[in-house]
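Me: I would like to go through the terms used for this model and see what each one rests on. Please show the sequence and structure.

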Amino acid sequence: IIIANAFFFLLKQDFSSKIVLKTLVVMWLITNLGAAVRSTHYKFNYIMGKESKNDYLNRVGKYNKYKFFSYPALNYINETLPDSATILLWSNDGFYLDRKYLYTLEFMTRMANPNTLLKKDLVISELKSFGITHVAMTDNYLRMPLRNVLEETKELITIYDDGQMKIASLP
C-alpha cells in the first residue's frame, strides 16, 4: 500500500519524476523478463517441438534442480518390458510408466504379509502372489530392507542398472 501510494504520488509530480518512474518500471520489467528466460530457456526446444519428450526428460532429469534420475530406467521399462509385466516400483514417478506397477512403500505397508515379506526364502513367492514380475529398485532407505532381502536370494535376474535404478525380473 505504501509503495502504491508513493507510485501515484510520483505520477502527480512534474515531468522529470514521471520519466524516472517510467524508466524504473521498464528496468523492472526487463529484469523480470530476463529472469523468466533464464529459468525456462532449457524448455524451449521441447516447447517448439524440436525435442521429443523422452529426450527432454533424459536431459533435464540430470539437473540438480529436478533430481529426476530415474527417467532413463522408466523409459527402458516402457520400451523393453512386455505389456503384461507388473513392476514393483521403488521411486514415486510411476505416472511415466506404460505398464502396471505397484509403489513399493505402499506395497510393504498395506498389501504384503509382514510375516513373509522380509524372509529370504518367502519373499519371491510373496511378490509373485501379487502378480509382480519385475522390480525397479533404488537406494531409498525406506525400501532398502526389501531390496536387501531380494538381493540376498540371488534369484533376481538383473536386466538394467544405470547406477540410479536397478531393474530385475523375478525368477
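Predicted model: local features only at pLDDT ≥ 70, side-chain atom pairs only at ≥ 80, totals over all residues.

Me: Why is Thr-104 called buried?

Reply: Buried means under 20% relative accessible area, exposed over 50%, and partly exposed in between (1.4 Å probe, protein chains only). Thr-104 has 0% relative accessibility, so Thr-104 counts as buried. Thr-104 belongs to helix 6 (residues 104–111); helices (H or I, at least four residues) and strands (E, at least two) are DSSP runs, numbered from the N terminus.

Me: Which residues is Thr-104 in contact with, leaving aside neighbours within four places in sequence?

Reply: Contact means heavy atoms within 4.5 Å. With those neighbours left aside, Thr-104 is in contact with Leu-88, Leu-89, Trp-90, Arg-143 and Leu-146.

Me: Why is Lys-154 called exposed?

Reply: The relative accessible area of Lys-154 is 74%, so Lys-154 is exposed. Lys-154 is in the loop between helix 8 (144–153) and strand 4. Lys-154 also has a positive phi of about 60 degrees although it is not a glycine. Most residues other than glycine have a negative phi.

Me: How do you know that the buried residues of helix 4 line one face of the helix?

Reply: Tyr-56, Leu-57 and Val-60 of helix 4 (residues 53–60) are buried. Down the axis of helix 4, its buried residues fall within an arc of 95 degrees, so they line one face. The arc is that of the directions from the helix axis to the C-beta atoms. The buried residues of helix 4 pack against helix 3 (44–47) and helix 5 (71–80).

Me: What makes strand 3 and strand 5 a pair?

Reply: Two strands pair if DSSP finds at least two bridges between them. Strand 3 (residues 134–137) and strand 5 run antiparallel and are joined by four bridges, with His-134 opposite Ser-169. Strand 4 (residues 157–161) is also joined to strand 5 by four bridges, again antiparallel; there, Ile-157 has Ser-169 as its bridge partner.

Me: What makes both faces of strand 5 covered?

Reply: In strand 5 (residues 166–169), Lys-166 and Ala-168 on one side and Ile-167 and Ser-169 on the other are all buried.

Notes
Residues numbered from 1 in each chain as written. Heavy atoms only, no water.
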